[in-house]
Amino acid sequence: MQIFLDIATEAALAAGVVLQDYLGKLEDAITEKGRPGDLVTAADKASEQVILEVLRRHFPQHSILAEESGKLGNQDNEFLWAIDPLDGTTNYAHQYPCFAVSIGLMIQGVPKVGVIYDPFRDELFRAAAGLGATRNRRPIQVSQTAELGKSLLVSGFAYDRRETPDNNYAEFCHLTHLTQGVRRDGAAALDLAYVACGRVDGYWERGIAPWDVVAGIILVQEAGGNVTAYDGTPMKIESGRILATNGHIHDSLSQELMKVPRLSSWT
């Protein structure tokens with residue numbers, strides 16, 4: 001696990017240098033991937049290539065799932081790297097300082113290693129099964145907030161929110177009324193990292209991909225938090241839905257999510 005963690009760290013830091021180099025210099029090198037607001041930039045692609053080079057050099061037999069390149073290698077291999085070379089592309093394109101590199105490793109379908117690097121703030125979040133979670137090499141843990149009414153939450157909205165009624169608007173409004181606030185920063189990896197280090201008490205989202213959350217899942221778990229499906233059952237990464245908290249508010253947040261009426265019924 002330590003070797004996997006160190007190599008993932010090497011890749012994330014190298015990708016962070018690429019993102020810093022491109023920041024504010026993209027000009028016209030920004031396109032949409034099919035849905036309004038789903039952006040890709042030259043920085044995404046260059047960052048991903050750096051990560052792939054590092055992982056392939058050290059683990060040529062491992063399979064990879066990368067946001068820009070898709071599935072690579074033998075997908076039946078028990079080791080699968082889930083890579084988001086630039087989580088928060090829209091933020092990055094607008095030079096809004098909330099974006100990160102996210103590299104996670106699943107072993108037999110279970111998240112075991114995660115590295116999330118925010119090059120703007122130079123914050124490195126790392127975790128591996130049995131090794132704990134750290135921020136800039138110092139141990140971190142989830143918050144101790146025990147009441148939903150005293151919590152600060154974070155969430156996000158999927159790219160297809162314009163087309164589907166199965167979006168997150170109703171839950172966002174409902175929980176804004178029940179808590180001290182709900183933030184929306186536009187980078188799922190950092191949302192999970194912030195749960196892990198206690199900056200927020202809980203996070204939920206729908207419409208997310210494996211590369212958005214694999215690294216963050218193990219980070220939250222190793223920091224003492226809980227990650228499940230909305231209803232509290234074990235999370236299925238392919239479902240695209242996640243609930244992650246400090247553990248103390250998990251049941252109450254889950255219950256509230258499950259009883260929110262659909263947006264179409266709101267007046």
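How many salt bridges does a search of the whole structure find? I ran that search and it finds eight, a salt bridge being a side-chain nitrogen of Lys or Arg within 4 Å of a carboxyl oxygen of Asp or Glu.

Before going further I noted that this is a predicted model, in which local features need pLDDT of at least 70 and side-chain atom pairs count only at pLDDT 80 or more, while totals for chains, interfaces and linings use all residues. Residues are numbered from 1 along each chain as its sequence is written, and side-chain values use heavy atoms, with hydrogens and water left out.

Entry on Arg206. I looked up its side chain and found a salt bridge to Glu171, 2.5 Å from N to O. This pair links distant parts of the chain, 35 residues apart, with Arg206 in strand S13 (residues 202–206) and Glu171 in helix H4 (residues 169–178); helices (H or I, at least four residues) and strands (E, at least two) are DSSP runs numbered from the N terminus. Arg206 counts as buried at 7% relative accessibility, and Glu171 counts as buried at 8%, where buried means under 20% relative accessible area, exposed over 50% and partly exposed in between (1.4 Å probe, protein chains only).

Entry on helix H7. In residues 250–259 I found Lys259 and Glu256 three residues apart, about one turn of the helix, and their side chains meet in a salt bridge at 3.2 Å, N to O. Lys259 counts as exposed at 53%, whereas Glu256 is buried at 15%.
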